[in-house]
Amino acid sequence: MKIERVTLRHIRLPFVHFFETSFGRSHEKNAILVEIQCDGLSGWGECVADEGPFYSYEDVETAWHILSDYVAPALAGSLTQAESFPSSVARIRGHSMAKAAAEAALWDLEAKNKGQPLWRLIGGTRERIACGVSIGIQDSPEQLLEKIGIEVEAGYQKIKIKIKPGWDVEIVERVRKQFPEIPLMVDANSAYSMQDTDHLLGLDKFNLLMIEQPLYSDDFIEHSKLQKALRTPLCLDESIRHARDARHACEMHACGIINIKMGRVGGIREAIRVHDTCQELGVPVWCGGMLETGIGRAHNIALSTLENFLIPGDVSAAKRYFERDTVVQSIEVTADGWIIAPSEPGIGYETDLEWIERITVRKRVF
Ligand code: OSB
Ligand code: MG
């Protein structure tokens, strides 16, 4: 199949509630949607690069540049081959999130063309995926406790809270006092250094599922030293850029668990490689989130159906983030914390084109 048209749309959508991490507070979702058209079908991908270069060096502007100056012109008129896409953009160094968005659209298109749900096409085996929530830093501990209560009540199977210096051990202590039994974890987004080792050891007594990315975003060595001192497993997010990283981190015992985000690792194919590597090494994985709209969320659901996704991911109901989503069907979670894998072809959710056009602030067609 020959690609007839590639459309890039930069969309802006307010969050229902702000989301705060150790690197700042966000009130609005910015994303680039990639639409690839061919034979009357549209494949969709969502770029998770944020408005600013804080989670990673990529942001909406760098992703727009890479997609519009390199990726989209090369795709337009070429053959649709999701499997060979990574090698076709390998000479572009880095820019994983930009590449992943285009690859995601190709996979959706391919699955739609084959009349198959994407999750089946990539080898998924789970008909439903286990859901957790990620709760940002709040204005007060009381507000956090209230939010946790709501999400526990909603049935989520894992609660993750964001921590940073000044919002950590005492907060976790209060959460544990009120919720002694819930499956709880923390994510620091690299807010600490090795000087904080003793302080971080204070988290060891709260029976946490894991501590996510406490240290430097480019490090395995210090994490492996910290892991030796801790009972609680470490989980790496930012540090894992591809399957080789996953292998090295696991071999060095820098972590006991890995968070997979297809944007961070450069696409679905590489995400599957990270998954397979971890499975081979006996390391469980879970699917991370980047506050995606429905399109990106649908791709996360497909990925999470792979066998070694043994821990509930940060894949939760779309209504937690947006009043009106980029897909028509609302992505919902059952009362006991599951999302049912869709049975429709491709990502399995229909895009709301009218709404997407209304929230588009910049558009380019190739
Ligand atoms: O570190 O997992 C992270 C959101 C933005 C940037 C980084 C992260 C997050 C989340 C939110 O934790 C996960 C979600 O609900 O999509
Ligand atoms: Mg994280």
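## A buried helix residue

With a relative accessible area of 0%, A249 is buried, and in this predicted model A249 belongs to helix α9. The C-alpha atom of A249 is separated by 32 Å from that of V34, and these two residues are 215 residues apart along the chain.

The loop between α9 (243–251) and β10 (257–260) holds H253. In contrast to A249, which is buried at 0%, H253 has a relative accessible area of 57% and is therefore exposed, the threshold for that class being over 50%. The backbone of H253 has a positive phi of about 55°, although H253 is not a glycine. Most residues other than glycine have a negative phi.

## The surroundings of ligand 1

Which residues are the closest to ligand 1? Among the 15 residues that surround ligand 1, the closest are S134, N189, K261, L291 and Y321. By residue class, the shell around ligand 1 divides into five nonpolar, three polar and seven charged residues. As for its location, ligand 1 sits in the second largest pocket.

A polar side-chain atom of N189 lies 2.8 Å from an oxygen atom of ligand 1, and a polar side-chain atom of K261 lies 2.9 Å from an oxygen atom of the ligand. For L291 the atom concerned is a backbone N or O, which lies 2.8 Å from an oxygen atom of ligand 1. On its own, ligand 1 has 390 Å² of accessible area, and the protein covers 98% of this.

The backbone of N189 has a phi near 45°, a positive value in a residue other than glycine. The side chain of N189, for its part, supplies the polar atom that lies 2.8 Å from an oxygen atom of ligand 1.

## Polar contacts between side chains

D314, whose place is in the loop between α12 (294–303) and β12 (338–340), is buried, with a relative accessible area of 6%. The side chain of D314 makes a polar contact with the side chain of K160, at 2.6 Å.

E142 is found in helix α5, which comprises residues 141–153, and with a relative accessible area of 46% E142 is partly exposed. The side chain of E142 makes a polar contact with that of R174 at 3.2 Å, while the C-alpha atoms of E142 and R174, which are 32 residues apart along the chain, are separated by 9.4 Å.

T125 lies in the loop between α4 (118–121) and β4 (128–130), and T125 counts as exposed because its relative accessibility is 51%, where the class requires over 50%.

Conventions. Residues numbered from 1 in each chain as written. Chains lettered and ligands numbered in written order. Predicted model: local features only at pLDDT ≥ 70, side-chain atom pairs only at ≥ 80, totals over all residues. Heavy atoms only, no water. Near = heavy atom within 4 Å. Polar contact = N/O pair within 3.5 Å; in protein donor to acceptor, adjacent residues only side chain to side chain. Areas by Shrake-Rupley, 256 points an atom, 1.4 Å probe, with all protein chains shown as cover. 1 Å grid on protein atoms, 1.4 Å probe; cavity = no way out; pocket = protein on both sides within 12 Å on 5 of 7 lines; lining within 4 Å. Sits in = over half its atoms within 2 Å of the grid points. Nonpolar A, V, L, I, M, F, W, Y, C, P; charged D, E, K, R; others polar. Helix = DSSP H or I, 4+ residues; strand = E, 2+ residues; numbered from the N terminus. Buried < 20%, exposed > 50% of the residue type's maximum accessible area, 1.4 Å probe, protein only.
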